[in-house]
Amino acid sequence: VEQTAGGVRYRSTRTAGDRRDAEFAAVYRPAGPVFHPRAGSLEYFLTERYCLYTVADEAHPRRVEIHHRRWPLQIAEARIDTETMMEAAGIQVERAAPLLHYAKRQDVVAWASTPAF
C-alpha cells in the first residue's frame, strides 16, 4: 500500500501452494465530500459493523468485538489495473461498475478475541 498525493496505490499478490497465483492492483482516490451514511442506506449497512473475524488456525475461527464512530465516507473512483483474485478462488461474477467509497481514517477500539462458535 502506498499513499499518493491524491489517494492510495494498492497491490497484492497471493501465492498459495497448489492454487493459482492471484493479483490485485489498483489506484483509488476520493471523488466527493465527506459524508456520514444515514441509517437504512446501503452505505450504512455495509460499514456499520461492530465485530471482526479472524482464524487462529484452520479449525478455530475467532470473533473480536469492536467499537467505532460512524464512518467518514467519500464517494471514490478507482483504476483497477489487475484483478485475478476472484477467478483464482473459483468465484465467477458478472462485471459491473463497482460501488466505491473512501475513508481517510477510521479509529477502532477492539476487545480480546473469543471463539466464534
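Residues are numbered from 1 along each chain as its sequence is written, and side-chain values use heavy atoms, with hydrogens and water left out. Because the model is predicted, local features need pLDDT of at least 70 and side-chain atom pairs count only at pLDDT 80 or more, while totals for chains, interfaces and linings use all residues.

Two aromatic pairs are present in the structure. Y10 and F24 make a tilted pair, with 6.1 Å from centre to centre and 55° between the planes. Here, rings of Phe, Tyr and Trp (its six-membered ring) pair if their centres lie within 6.5 Å; planes under 30 degrees apart count as stacked, over 60 as edge-to-face and the rest as tilted. This pair links distant parts of the chain, as Y10 sits in strand 2 (residues 8-16) and F24 in strand 3 (residues 19-30), 14 residues apart. Helices (H or I, at least four residues) and strands (E, at least two) are DSSP runs, numbered from the N terminus. Y10 counts as partly exposed at 32% relative accessibility, and F24 is partly exposed at 23%. The terms used are buried for under 20% relative accessible area, exposed for over 50% and partly exposed in between (1.4 Å probe, protein chains only).

Y28 and Y102 form an edge-to-face pair, 6.1 Å centre to centre with 65° between the planes. Y28 lies in strand 3 and Y102 in strand 7 (residues 101-102), so this pair ties together parts that are 74 residues apart in sequence. Y28 is partly exposed, with a relative accessible area of 31%, whereas Y102 is buried, at 8%.

F45 belongs to helix 1 (residues 42-47) and counts as exposed, at 51% relative accessibility.

W111 is placed in the loop between strand 8 (109-110) and strand 9 (114-115). Leaving aside neighbours within four places in sequence, W111 is in contact (heavy atoms within 4.5 Å) with V64, E65, I66 and H67. E48, in the loop between helix 1 and strand 4 (51-55), touches H68, R70 and W71, not counting residues up to four places away in sequence.
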